[in-house]
Amino acid sequence: MSTLSTAISPLPEGVQAPVEVTPSVWRGAWMHLVQGRLTRICLAVVAVYVACGVVSLTPILEGKIEDISADSYVAPNFHSLSGLFGTDIQGRSVFWRVIYGTRIALEIAVLASAIAITLGIFLGIVGGYFGGWIDEIITWIFTVVSSVPWILLVLALVYALKGVKFFGRPISELWLVILALGFTDWVGLCRLMRGEVLKHRERDYVQAARAVGAGHFRILLRHILPNTIHIVIINFTLGAIAYVQAEVALTFLGLGISDKPSWGRMIDDAKLELLKGVWWQAVAATVAIGILCLALNILGDALRDALDPRLRGIE
């Protein structure tokens, strides 16, 4: 008895018990994410690409990408920043065209992801939460869409949208690519969200919310969506890779962007240059794509480990 009394005896007056502060889910995930050296390097690489994309928005770069300030096919040199990656057949700087291509790649990745994520979240949550005939219709839709190879579906949508006018003006080639990718790549996220919502809707915290009178809209936004948002973040990082690669494939097939110096257009222009021994334009665009895709791939894996408690060993 005396041992028990000693074990639970109060602390001396004026002394407070230490309080263990548990970091929030997002703060804990961020701390876990930046622990790895390779992850920090990838974050810095992505930050550099974003900075290049922001620089590409300035009017100064618009003039540099079409500026003919050197001879055709000048090899890469260190005499100036413009000559770092050499010049193309018209004497334009490949370096500035690669920088401008970063803007095109980021625009496609962000805007196409916004469309695909919006559709995937909405249809996945609605189908998984309400079930019944609503779920059957949504399941039928994404089954039909997924039955067609993705790249063929993208090609068909680009052909269908070509020539369509919006407010009296034809849709630009950039938006053709964005719409075609966004409206065809929501199926995977929809399936994942539907499965997660089916699992979460029967859990105790959702049942408790229903018991206190919370409506469907509040349950979905305040309880279920925050517990599944990590899937969306991971899907964005990995989906951006597919969008950048798809733009290159579409441009190579003659259906992508032809009026702006995207990475896909640069590779398409360089396919004949390689036969002449002019390799720097193709290599510069390919390396730019490879570094960005590698960094996003590593970040996607790190985000999965950081945001999924099961992979972090947290109960």
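This is a predicted model: local features need pLDDT of at least 70, side-chain atom pairs count only at pLDDT 80 or more; totals for chains, interfaces and linings use all residues.

Residues are numbered from 1 along each chain as its sequence is written, and side-chain values use heavy atoms, with hydrogens and water left out.

**Exercise 1. State how many helices and strands the chain has, and what share of its residues is buried.**

Step 1. Helices (H or I, at least four residues) and strands (E, at least two) are DSSP runs, numbered from the N terminus. The chain has 14 helices and two strands.

Step 2. Buried means under 20% relative accessible area (1.4 Å probe, protein chains only). Of the 315 residues of the chain, 41% are buried.

**Exercise 2. Describe how helix α7 packs against helix α8.**

Step 1. Axes are lines fitted to C-alpha atoms, for helices over the stretch in contact, and angles run from 0 to 180 degrees between N-to-C directions. Helix α7 covers residues 150–161 and helix α8 residues 173–182; the angle between them is about 135 degrees, and their axes are 9 Å apart.

Step 2. This angle makes α7 oblique to α8, because angles under 35 degrees count as roughly parallel, over 145 as roughly antiparallel, 65 to 115 as roughly perpendicular and the rest as oblique.

Step 3. Contact means heavy atoms within 4.5 Å. On the α7 side, W150, V154, L157, V158 and L161 take part, and they meet L176, L179, A180 and L181 of α8. The residues of this contact comprise nine nonpolar, no polar and no charged. Here Ala, Val, Leu, Ile, Met, Phe, Trp, Tyr, Cys and Pro count as nonpolar, Asp, Glu, Lys and Arg as charged, and the others, Gly among them, as polar.

**Exercise 3. Identify the residues that touch the most other members of the largest nonpolar core, and the element that gives the most to this core.**

Step 1. A nonpolar core is a set of buried Ala, Val, Leu, Ile, Met, Phe, Trp, Tyr and Cys residues joined through side-chain atoms within 4.5 Å. The largest one has 36 residues, of which I108, L181 and W186 touch the most other members.

Step 2. Elements giving two or more residues to this core include α5 (94–130), α7, α8 and α11 (216–252). The most come from α5, with 11 residues.

Step 3. Leaving aside neighbours within four places in sequence, L181 contacts I108, A112, W150, V154, Y243 and A246.

How values were computed
Buried means under 20% relative accessible area, exposed over 50%, partly exposed in between (1.4 Å probe, protein chains only).
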